[in-house]
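Please consider the sequence and the three-dimensional structure below together.

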Amino acid sequence: MPNCDQIQNAGLMNRRNFIYQVASGAGSLALTSMLQPQSALAGTLSAKLPHHAPKAKSCIFLFMEGGPSHIDTFDPKPKLEDFHLKEFFREGDEFSSLESGRRYYIQSPFKFRRVGKSGVQMCEHFRHLADCADDICFYRGAYGESVNHPTANFHVSTGNKFGGDPALGAWVSYGLGTKNENLPAFVVLPDLAIPQGGPGNWGNGFMPPIYQGTTFRATGAPILDLNPPQGVTLEIQRSNLNLLAELNRQHQVYHPEHEALEARIESYELAFRMQAEIPGVVDLDNESQATRDMYGIGEPDTDNFGRRCLLARRLVERGVRFVQLYSSGWDSHDYIESAHSKRMRAVDKPIAALLKDLKRTGLLDETLVIWTGEFGRTPDNGIREFGKAYGRDHNSGAMPMWFAGPGVRKGEVIGATDEMGGKAVEAAHPIKDIHTTILHLMGLKDADLTYFNEGRFKQISQTGDAKLIREILT
Amino acid sequence: MMQEISAKRRKCLPLVLGLGFAMATHCLSFASEAAVEPDSAESEGLFAEEAWPLLQAKCMECHSTDEPESSFDMSSLESLMNGGELSSKAAIQTLVPGDPESSMLYQVVLRTSEPEMPPAKRNALSDEQVEVIRKWIETGAAWPETLPDVAAADALPLDKFAVTVSQGPDGPRWNLTEDDTWALRPPKRYAVPSEGIDQDSVKTAIDAFLFTELNKKDLAAAPAAKRLALIRRATYDLTGLPPTPEEVEAFVDDTLGEDEAFDALLERLLASQRYGERWGRHWLDVARYADTDGYANDSERPNAWRYRDYVIRSFNDDKSYDDFIVEQVAGDELAPNDPEMKVAAGFLRMGPWELTGMSVESVVRQLWLDDVTHNTGVSFLALSLRCARCHDHKFDPLPTKDYYRFQANFTTTRFVTPEAKYLPDENVSHIPELLAYIEKKIAYNKKSFDARYEAFRQGRTKYNKSQDPFVEAKDGEEEKIVFIDEENTDIAPDAELKAYAKRRKILLAELPGYEPLAYSVTSAPLEDDDVAPAETFILAGGSLDAKGERVYPGVLSMVHGSDDSEAPSAWNTISPDARGRRLALANWLASPSNPLTARVMVNRIWQWHFGMGIVKTSNNFGKMGSRPTHPELLDWMAQYFVEHRWSVKEIHRLIMRSAAYRRSSSAADVAAVELQDPNNELLSYFPPRRLMSEELRDSALSIAGVLNLEMGGLPTFPDLNEDVAHQPRKIMGQLASAYRPSPEREQRRRRTVYTHYQRNMAHPIQEVFDGAPMDIACEARRESIVTPQVFNLFNGQFSYDMALEMAANLEAQFPKRKGQIERAFRLTFGRPPSPSEMKTCLAHVQKMSKHHNTVTPEPPKTRERLRRSFIHEFGGKTLVNEDWDWEGFEFNLHPSEVEAHTRGLAELCLVLINSNEFIYIY
């Protein structure tokens, strides 16, 4: 049996460990890159150079899960009033059962108003967001491919309808690394329920798991098992950690060339530090009452989403690259008037606060904010209950979307859908162009942001033929 | 000097550099490159495809001869970086991997300053070519040990090396070298090498092949591992569990000679039922096994577990691998009345799959056809076929036509759930209690629905579909009031009613899981309908809307001897009859004539023993895959496999009896290895590895003394972090049922392979410790090191539970502290503590016990019925979902039930479960 008494940290003296010590110290990145070829940095979250000068350093992706209606939010279709409850006929034969049966045109139950200096049109229920109209680029040209929730979710989140690929946030983390080594680079703030398709919507796909989105829960410990079970004190933990470190060091002497051992020892120390720091990051009590009020925290309609919007700002402020924030319940097949107006009210005040807050702190100059869902909705629908219970079905031909932040136009409407709102016809671009444009604004090129897997270089556009949406760029 | 070393050692450098939120590493020797070092793989790809041919064409005429210009030789990375005379003349280095701007090589081809290269302007590199050089340097300037033979291929007449496939003179052609297509040609018969090999050091033929390569590099092999390391290594390797202290002692003290003692150990382990659980799991990684469907509803997949148990049984029985293939690809055609064969064919449906009212059936059907085509290729042939769905394969000689001919083998296949009697070996003992539970849920659901219905209909008029002018009434539906009938739930104008109805539908769909049915396929014609075989067309761009030429079933003509247009044979020809296509395909796969099948499987077995295959990309033997590090050995082993009735256990014996397998995990000469073989491809020492996620959980249960070794049956539901278990997950029109741990404590402590694998909700321990991806065939498990692992293992309830159980068991068995600590070490590490470790641990336990004396743990909270809310799409209401109660639930041992000294000892156990010595195997 090994005699552990002879151990005097001998393992630390060899050159390999010297590199560890240098590389793991704070502020050692410059030295690290001198010692290592860049390839050695892959698989870490170390900050990496972008492909070109970025406009945005961070991104907040506001995902309205369920499929928000463009026709009832930012893309009014007055023509539908003339055809309200008139029967509509589809052509072609490959429809899902969802799309079959008798169908009727449906007008929007909402009024629209012109807002901001630019006079863009917004649904009446966006009362607060109206103040931000001149900071927003409304884009009506986006379209998807799938009318099925999970596949459309996967498509918008990962670029691959069938899932299994890294999420946009994972690509960004892979391309840029993190600005704050004590926080994940890619954070997900789900609604009460996680969306259809589950964690595949923020997965690392074929990349190492460090690029996976980390979900922060709104209540309790934000990260899974960030804290030990109730009753375990920090002091006891530290004491256990010390014993663990000692046993690990003794063991390491017999395997000095086994590098994973050192990394694992370090990971325990890092985790311990994070355990102490992260609760402070997510503690919204550190914000003033005025700020909390602005986000609608404490009001029943807006509390949930407001908290997460405020948390998103705090995360971006601390260097998180990509925040994916969900609002669910936008799948209004029936009773769209009550369903959609509730959803709009729930997000209106928090999002307006987020934009104003980012602007106030100057963060809007380096943070790209995107608002969209997995698809838009149809101008037509099946109707039940004598014409009262109407809503809209899924529509991949058009979807509502807006951008705010650096590098995009402000107070403008770009692109257009057809007269009825069935599909995007002007400045129309598929999902992959949206991803490529977001990457572009963050200093990354789709063509260069590749990952070798299953015998080929993969990229978020899948096919490498995506185009920038130049129409929305400044 | 530093620069040079770091470049050479590039592949083995620690990846833990930034120490960010999460850290990744891989150790000196294992994990496939493609999986761990993305840029390196990218750089290698660039090198092979573009940079190397370019350097050869543009530079090496002058810079690679015996007397290179400026004594600057570019034929190896070493000499290229050394720089020859340039090293003293030039201001910057010739090549700085990762930094093109500082690399002379990039500057000279850029031609913006002196010198400009190549000297003649007409030879200057195009912008694209300059970019290739820049990118190659930037991504790390990879330089594989085996240089691609691209230049040779280019220099020769096209048809000398071009591989032409069955599409005739005008068909697609690939300009490929022999090296690119090595795997498509039959294995050669090699003699076991003997020249220059010390016969005493050869235990099995494998050693002779390995020593040949080690000798070339003048690398010494590490000495034999100590018996303790060896029994731990072999036991984990074959059973996925730690050896017991008694087993260790018996082996270490065994008076038999090294070989005899080890042979006896191997035979014991190979005969253990634990073996199939461990090796079956490896295959389930490839097959993408899960107990749910994935996508929107992630519905339960009734009876999938019977496939899992079939796989475990097959490994335990050492089923011939050729039979194993045929049964999985065509079991139903081979023996239509054999229940086990119906279960085996479930392999074809193992991927994620779902058909809902929102999907177009023909599209979903085509998705499955593409899935099964690709994954049959990946699983058995290590050929990635998917690319050829839309266009001729870019790298491998696979025309789109062949892709669809291959697919035609499946177009007459339908999904079925036939009766299949339970086998005597199948564990059906838990069906009654699980069935009773689900029936209870159904009854509760009905009660809730009825109550809501009563409340809802108060003061409302009945809605009658037939009177609604907007609705197209279906035949016979006029008078039907549809609230309760699950067939027509969409009319219920109330979110709550809809949600209850949806829940009922989900629950009813789970009922077949308690009947003797098989999750299977058939190619038998529909009973009442003598349908013609489904036709298969080439789909342009993979789209159903663009049907092209009609094709008939076939095999892959690029594989040696398989071109039925040139030399048809019974082996390579598939009849277009509706039935029997898959059986013919299976026989083509499971044949000694197929050059890939045996190689692919022995390579997988090798990888599962050594952490890295002879071909590192075990799912890709094509042009873009790695080349074998020991091609002769691979071919020799493939033939050995076939000649020993495709017996997997024979390959275990061949590998594990070798000196290579039994070497120490410390290199004999670390410096020499770093220089000559930084990835340990030559296996001069045994590569250490981390426990797989399943092994980690099983080991914790095992050393805690609570592992339940019951085999097989319906998936069990272990304890799960409640935040995850109760996290509402959206499905169509409802929440997914909450995760409910098995109420019987024993059932929560089964081996991980028997737990419920859920696609959209992996267990945290699987997720953070690199479990199988489930949706794609797992090539190799990663060994990442990330901080969420610490949160999981150091803070998680499971670790605390195991530590407490372990402490209680230790105290029950050993009265004295010292005895308890010694046993804890033996259980965890297989060895007793050193005197200093004993001293430290005693002091720690004492200190912790003292602390625990001062605190009284709160008793466990009483549990209430689980309530979770979500926003329903119908009207946007927030609904509360009542899920399940804790009735009859057997809780784990709780700190409040034990004395302070037990809790004190548990702190030590927690530390041991987290220690490196426990989690790594040497």
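The paragraphs that follow treat the sheets of chain A and then selected loop residues of chains A and B.

The model is a predicted one. Strands of a sheet pair through backbone hydrogen bonds, either parallel or antiparallel. In chain A, 8 strands form an open sheet with mixed pairing, and their order is β9-β8-β10-β1-β11-β15-β6-β16. Its edge strands are β9 and β16 (412-414) of chain A, each of which pairs on one side only. Within this sheet, strand β6 (residues 136-139) of chain A runs antiparallel to strand β15 (residues 401-404) of chain A, and 4 bridges join the two. Here A:Phe138 is placed opposite A:Trp402 in β15(A).

The discussion now turns to backbone geometry. Most residues other than glycine have a negative phi, and most peptide bonds are trans. A:Asp225, which is not a glycine, has a positive phi of about 55°. This residue lies in the loop of chain A between β9 (214-215) and α6 (234-253). A:Asp225 counts as buried because its relative accessibility is 13%, and the limit for that class is under 20%. In chain B, Asn680 likewise has a positive phi, near 55°. B:Asn680 belongs to the loop between α26 (670-676) and β7 (689-690) of chain B, and it is classed as buried because its relative accessibility is 2%. A cis peptide bond, with omega of about -10°, joins B:Met117 and B:Pro118. B:Pro118 is located in the loop between α6 (104-110) and α7 (127-138) of chain B.

Which side chain does the side chain of B:Arg831 contact? The partner in this polar contact is the side chain of B:Glu837, at 2.8 Å. B:Arg831 occupies the loop between α32 (817-829) and α33 (835-853) of chain B. With a relative accessibility of 5%, B:Arg831 therefore counts as buried.

How values were computed: Residues numbered from 1 in each chain as written. Chains lettered and ligands numbered in written order. Predicted model: local features only at pLDDT ≥ 70, side-chain atom pairs only at ≥ 80, totals over all residues. Heavy atoms only, no water. Buried < 20%, exposed > 50% of the residue type's maximum accessible area, 1.4 Å probe, protein only. Polar contact = N/O pair within 3.5 Å; in protein donor to acceptor, adjacent residues only side chain to side chain. Pairing = 2+ DSSP bridges.
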